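I opened my notebook to get to know a structure that was new to me. Here is what I looked up, entry by entry.

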Amino acid sequence: MQKTSNIENDTKVNYKVIINPLGLELLSDDKLHLYIEDKLDDGLAFDEESVKLYKAIVADQQKTSGDNHTYNPVNITKGEEITNKNLQFDSANNKMTLELPETNIAYIVEYTAYITRKNVTLNNNVKLVGSSVPETSSQDEANNSVKLAAHSGAMLRPSKNLFYSVVVKKTGENNTPLEGANIGLYSAKDESSLLGVGVSGEDGTCVISVKNSIVKNYETLYVREITAPNGYLLNRDWFEFTKQDGGNSSENSPIATIQNQKAEAGKQGRLTVYRYDENTLEPLSHFQVQNLHCFQILVMNNLFKLV
């Protein structure tokens with residue numbers, strides 16, 4: 001596989017992936033399925049409607065080298081478009097998964113992502129999942145760093161005709177901008193209602209962009225921090241706003257400013273405890289802990305034990 005990126009107007013990235021140009025059989029078991037998987041970098045808003053899957057036309061002419069060895073030329077063009085696609089997108093992880101219907105032909109995949117924060121890194125790696133060849137068989141040549149320090153505000157928003165965008169400011173003590181916080185957009189005060197995720201940049205700005213169709217049935221939305229920057233305590237407060245007030249908000253008028261405290265010795269932390277049935281692993285309600293003084297936490301097989 002080979003994935004390449006083309007930056008357009010410093011606002012969006014057009015990707016192209018060439019798959020299996022030699023037409024090899026990539027599955028050894030016909031009961032399995034073959035997918036490409038692309039986890040986009042933080043600060044890129046994936047446009048699901050932009051995905052195009054084509055059967056590739058590979059030149060069958062072979063050229064002969066001076067040693068009489070033959071090789072296939074890299075002359076690959078788009079053929080018939082496959083419109084019935086099995087496409088999935090995990091907004092929480094910014095990951096696209098696309099099934100390849102046949103396992104022994106060449107494909108070209110094209111799709112677009114919009115740049116939503118400064119200094120975005122474009123990683124041209126893509127995985128081939130389920131194949132008999134290694135998942136990381138794509139070329140690992142171009143890790144392009146896009147520097148957008150001269151642009152801000154509306155320049156780093158996807159088109160409002162396609163996307164609903166909100167802006168959150170991330171700060172520490174003394175309003176210092178914080179980079180690297182994951183912040184979620186929710187349809188309710190419930191972690192299972194997650195609609196999309198953004199990551200704060202070096203200036204503390206976090207843009208969360210989701211397709212308009214995702215939020216069309218909601219009037220009230222919420223943001224909440226998912227993971228805090230390194231060295232800071234997680235802020236678990238919910239921030240509520242109306243869809244109209246938050247849509248395509250600007251860097252100068254964010255819908256929320258989320259502040260973190262440094263994680264220092266002697267400061268209080270917060271522990272969330274969930275109770276499950278031992279046999280069925282179903283969550284149990286009416287579980288309450290009062291006046292808990294935790295002197296030690298033991299971690300065994302990923303389970304916490306309070307002592």
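**Ground rules.** I call a residue buried under 20% relative accessible area, exposed over 50%, and partly exposed in between (1.4 Å probe, protein chains only). This is a predicted model, in which local features need pLDDT of at least 70 and side-chain atom pairs count only at pLDDT 80 or more, while totals for chains, interfaces and linings use all residues. Residues are numbered from 1 along each chain as its sequence is written, and side-chain values use heavy atoms, with hydrogens and water left out. Strands are DSSP runs (E, at least two residues), numbered from the N terminus.

**Nonpolar cores.** I looked for sets of buried Ala, Val, Leu, Ile, Met, Phe, Trp, Tyr and Cys residues joined through side-chain atoms within 4.5 Å. The largest such core has 28 residues, and I19, I36, L44 and V109 have the most contacts inside it. Two or more residues each come from strand 2 (12–19), strand 4 (44–58), strand 9 (95–99), strand 10 (107–115) and strand 11 (120–123). Strand 10 gives the largest share, 5 residues. I then noted that another core lies apart from this one, with 16 residues, among them Y164, V166, I183 and I255.

I also listed the contacts of I36 (heavy atoms within 4.5 Å). Not counting residues up to four places away in sequence, I36 touches M1, I19, M96, T97, L98, L100, V109, V126, K127 and L128.

Which strands form it, and in what order? I found 4 strands in the order 8-9-3-12, with antiparallel pairing; two strands pair if DSSP finds at least two bridges between them. Strand 8 (87–90) and strand 12 (127–129) are the edges, each pairing on one side only. From one strand to the next, the twist averages 20°, taken between lines fitted to C-alpha atoms, with angles from 0 to 180 degrees between N-to-C directions. Strand 3 (residues 35–39) pairs with strand 12 over 3 bridges, and E37 has K127 as its bridge partner there.

**Two asparagines.** Most residues other than glycine have a negative phi. N20 has a positive phi of about 55°, and N175 has one near 60°. Are they buried or exposed? N20, in the loop between strand 2 and strand 3, is buried at 7% relative accessible area. N175, in the loop between strand 14 (163–171) and strand 15, is exposed at 58%.

**Aromatic rings.** I searched the whole structure and found 6 aromatic pairs. Rings of Phe, Tyr and Trp (its six-membered ring) pair if their centres lie within 6.5 Å; planes under 30 degrees apart are stacked, over 60 edge-to-face, and the rest tilted. The centres of Y114 and F163 are 5.5 Å apart with planes at 65°, so I logged the pair as edge-to-face. Y114 sits in strand 10 and F163 in strand 14, 49 residues apart. Y114 is buried at 12% relative accessibility, and F163 is buried at 1%.

Y222 and W238 are also edge-to-face, with centres 6.3 Å apart and planes at 85°. Y222 belongs to strand 18 (residues 220–227), while W238 is in the loop between strand 18 and strand 19 (239–242). Y222 is buried at 13%, whereas W238 is partly exposed at 23%.
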